[in-house]
Amino acid sequence: MGTIEFVAIFATLSATIRQAIPITLGAMSGISSERSGIVNIGIEGMMLISAFTGYMMNAYLSGMDSLALLGAEIALDSTLRLALSVAVGLLTGGMMGLLHALLCIQFKVDHIISGVVINLLATGISGYFYDPQAETEGKIPELVQNPWPDGHFLNRVGVVLFDKDVITYITFILVALMTFWLFSTVWGLRTRSIGENPRAADTLGINVYRLQYTNLFLSGTLAGLAGVYLTLADVGVFERNMVAGKGFIALAVMIFGKWHPVGALGGALLFGFLSALQSQLQFFGINVPHQLVSLLPYAVTVVVLAGFVGQARPPAHVGQAYEVEGQ
Amino acid sequence: MATEPKTATTSSLPQPVPFRTLFQRLQAIFQTLLIPVLSIITALLLGAGLILLAGRDPVAAYEALIEGALLEPRGLVQSLLKTTPLILAGLAVGFAFKGGLFNIGAQGQLIMGSVAAAWVGYYVTGLPTWAHITLGFAAGALAGAIWAGIPGALKAYSGAHEVITTIMFNFIASRIAEWLISGGSADGEIPPGPMNDPTAGAIQRSPEVLETARLPVAFDYPPAHDLNIGIFIAIIVSILILIILNRTTFGFELRMVGMNPNAARYAGINVKRQTIVTMAVAGSLAGMAGVIQTLGVNGYYEANQSLALGFDAITVSLLAANHPIGIIFSAFAFGTLEQGATRMQRTGVAVELTVAIQAFILMFIAAPQIIRFLYRVRGAAGTGQTLSSGWGER
């Protein structure tokens with residue numbers, strides 16, 4: 001095996017992780033929503049609008065030395081600038097999650113139609129207010145530099161493990177936290193119970209609507225993190241319609257992972273790998289039209305859905321409006 | 001009030017129509033139109049808010065929109081040209097809706113229809129005009145039907161939800177079409193796509209279709225604003241769909257499956273077969289939209305279409321409560337909006353505003369309680385949708 005191929009293998013693995021992060025976070029968003037009984041096809045839009053607001057906040061704060069906050073002047077360094085931008089992105093996602101919850105719970109809108117509303121709103125608002133001239137002072141830096149220099153036998157392994165931003169590492173921690181949350185905490189148990197049988201949970205004194213609102217806010221925030229990952233850590237700039245179906249792929253990955261965070265991570269890595277192939281294939285000397293390689297993740301999503309949805313059992317009450325008794 | 005998908009309330013079942021006076025009929029029409037019209041007005045007001053937020057003048061923007069879309073002959077021609085695919089794509093969504101299916105794949109089905117029509121248009125020679133055009137429509141409708149039938153079959157036999165599969169099929173269709181017309185790599189390692197026109201230079205597109213495949217022009221506004229007969233084909237198809245839905249056994253079974261697949265199964269309807277056929281018919285409608293685009297408007301296939309049409313079509317269909325005749329009017333509303341937006345851009349307002357307006361319209365249509373509350377309109381009880389949209393098998 002030639003050196004170029006050897007290098008390309010590790011570059012592909014590194015790109016796999018890069019591509020898998022937004023899909024993993026999107027799948028976590030879906031799990032949070034669907035486990036509490038609400039179908040969320042608005043993840044795509046939540047990612048897009050958060051990517052947009054996070055980026056615009058970054059552009060707005062770039063070039064400012066200090067920030068007047070509550071009468072006090074605070075020095076604005078790059079960490080604070082990026083932290084504020086991420087916070088704005090997360091909050092935007094959370095608000096979209098609450099809007100989805102409001103439409104689904106209060107107005108009993110079909111969950112898929114409500115999701116379409118969210119997606120259209122995100123495309124429209126982000127496209128409308130997008131300013132192509134916006135410039136930023138940079139994105140989130142790599143958390144840990146590759147400790148092994150070029151030529152060291154571990155250098156290539158380091159390329160995969162290090163040179164990543166903080167959101168990448170947080171994503172892996174979040175998968176563990178989500179698993180713990182869902183299966184080992186009261187909140188998680190109640191979430192699963194309202195997804196399976198809201199009537200029974202209601203009878204036992206669980207406030208179904210309040211829990212759904214809370215979880216949809218969480219769902220929006222997670223999608224928001226996926227969005228800001230794109231504009232503040234990965235790509236670094238905003239482009240119109242840049243999410244390009246990742247939110248929908250995340251939903252398929254969630255089903256593939258049987259609504260379990262760890263399973264979803266596995267699915268996301270598979271899709272990350274397929275997306276990574278697109279940019280790396282040429283280094284292996286394989287000449288395939290890039291259009292045909294780029295349709296792989298979408299085609300595999302269909303195959304996976306067709307092959308796995310039969311065995312995967314969704315939360316029993318997902319997608320159905322629940323009416324609290326006595327209202 | 002027309003029926004909504006998957007409802008099982010008695011009000012949505014076909015009922016004998018009692019004799020009604022003219023006044024009662026007018027009142028019923030008024031009631032039906034009230035919520036959609038108020039939704040559009042409210043959405044435009046919210047849009048004006050967005051225009052103000054960006055520091056522009058909403059009055060000037062909307063004046064330009066109306067002027068550019070309706071008040072000039074060429075604007076009107078362009079509005080009607082943009083209305084045509086929206087009618088057929090809206091029908092593709094509405095028809096599937098009636099059968100309880102969510103078809104978000106109109107864009108992909110349209111692409112496949114466009115590509116097939118382009119191929120027939122330039123590859124098949126020696127046919128008289130009527131035969132060539134008919135063949136183009138047949139090929140486009142078939143391509144669209146296959147492209148929607150596969151998600152239908154996947155839904156029927158594996159339970160893969162059509163919302164995700166049709167969206168994925170949109171992406172797959174656009175990539176395949178891009179490859180078909182691609183010019184290959186500069187070093188010649190990757191050959192050009194099989195439908196690439198090498199004489200087109202840097203523009204990647206298919207060869208031009210022959211004169212015999214071009215749709216006749218119904219109205220011609222010089223220099224280059226031709227209204228082809230596509231809009232009339234779309235209107236005729238709408239009427240046909242209305243007849244199929246309301247006057248045929250197939251349509252009755254389709255609506256029955258849409259309302260309650262389990263009840264339909266007990267009544268002896270083959271729900272799996274019905275699911276596939278419903279999607280295939282829906283896909284053929286979107287495919288025909290692609291045919292008109294290729295044989296009527298462009299004359300070739302070019303990969304410049306956005307992936308938004310599938311979502312536009314949902315709004316078009318829901319605004320008309322999935323009624324085939326209503327879809328003609330809601331499609332015209334959106335065609336106008338789309339065309340006017342290009343003129344509105346001159347006043348400094350980005351075209352994406354229309355997408356936001358569309359989102360607001362869809363939101364108000366889906367949650368009419370908001371409109372009823374805002375305008376203090378009383379409505380019949382139980383108009384709120386009680387749907388279910390799980391991921392399971394049907």
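User: Is B:Ser330 buried or exposed?

Analyst: In this predicted model, B:Ser330 has a relative accessibility of 5%, and because buried means under 20% relative accessible area, B:Ser330 counts as buried.

User: Where is B:Ser330 found, and which residues does B:Ser330 touch?

Analyst: B:Ser330 is found in helix α12 of chain B, which covers residues 324-344. Leaving aside residues up to four places away in sequence, B:Ser330 touches B:Val316, B:Leu319 and B:Ala320.

User: What about helix α13 of chain B, how many of its residues are buried?

Analyst: For α13(B), 14 of the 14 residues are buried, so this helix is largely enclosed by the rest of the structure.

User: And what should helix α13 of chain B span, at 1.5 Å a residue?

Analyst: Helix α13 of chain B runs over residues 353-366, and its 14 residues should span 20 Å at 1.5 Å a residue; the end C-alpha atoms are 20 Å apart, which agrees with that expectation.

User: Stepping back, how many helices and strands are there in chain B?

Analyst: Chain B has 14 helices and two strands, and buried residues make up 55% of its 394 residues. Among contacts in chain B between residues at least 6 apart in sequence, 76% join residues at least 24 apart.

User: What radius of gyration does chain B have?

Analyst: The value for chain B is 22 Å, which agrees with the radius near 21 Å that a compact globule of 394 residues would have. Taken along the principal axes, the C-alpha atoms of chain B fill a box of roughly 65 × 60 × 40 Å.

User: Changing topic, how many cavities of 30 Å³ or more does the structure hold?

Analyst: The structure holds four cavities of that kind, and the second largest cavity has a volume of about 60 Å³.

User: Which residues line the second largest cavity?

Analyst: Its lining includes A:Cys104, A:Lys108, A:His111, A:Tyr209 and A:Tyr322, and by class the lining has six nonpolar, four polar and one charged residues. Helices α3 (78-106) and α9 (208-234) of chain A each supply at least two residues of this lining.

User: Staying with chain A, what is phi of A:Asn241, and where does A:Asn241 lie?

Analyst: Phi of A:Asn241 is near 55°, a positive value in a residue other than glycine, and A:Asn241 lies in the loop between α9 and α10 (246-256) of chain A. With a relative accessible area of 48%, A:Asn241 is partly exposed.

User: And what about phi of A:Lys258?

Analyst: A:Lys258 has a positive phi of about 50° although it is not a glycine. A:Lys258 is found in the loop between α10 and α11 (261-280) of chain A, and at 46% relative accessibility A:Lys258 counts as partly exposed.

Methods:
Residues numbered from 1 in each chain as written. Chains lettered and ligands numbered in written order. Predicted model: local features only at pLDDT ≥ 70, side-chain atom pairs only at ≥ 80, totals over all residues. Heavy atoms only, no water. 1 Å grid on protein atoms, 1.4 Å probe; cavity = no way out; pocket = protein on both sides within 12 Å on 5 of 7 lines; lining within 4 Å. Points joined across faces, edges and corners; volume = space filled by probe spheres on them. Helix = DSSP H or I, 4+ residues; strand = E, 2+ residues; numbered from the N terminus. Nonpolar A, V, L, I, M, F, W, Y, C, P; charged D, E, K, R; others polar. Expected span 1.5 Å × (residues − 1). Buried < 20%, exposed > 50% of the residue type's maximum accessible area, 1.4 Å probe, protein only. Rg over C-alpha atoms; globule rule 2.2 N^0.38 Å. Contact = heavy atoms within 4.5 Å.
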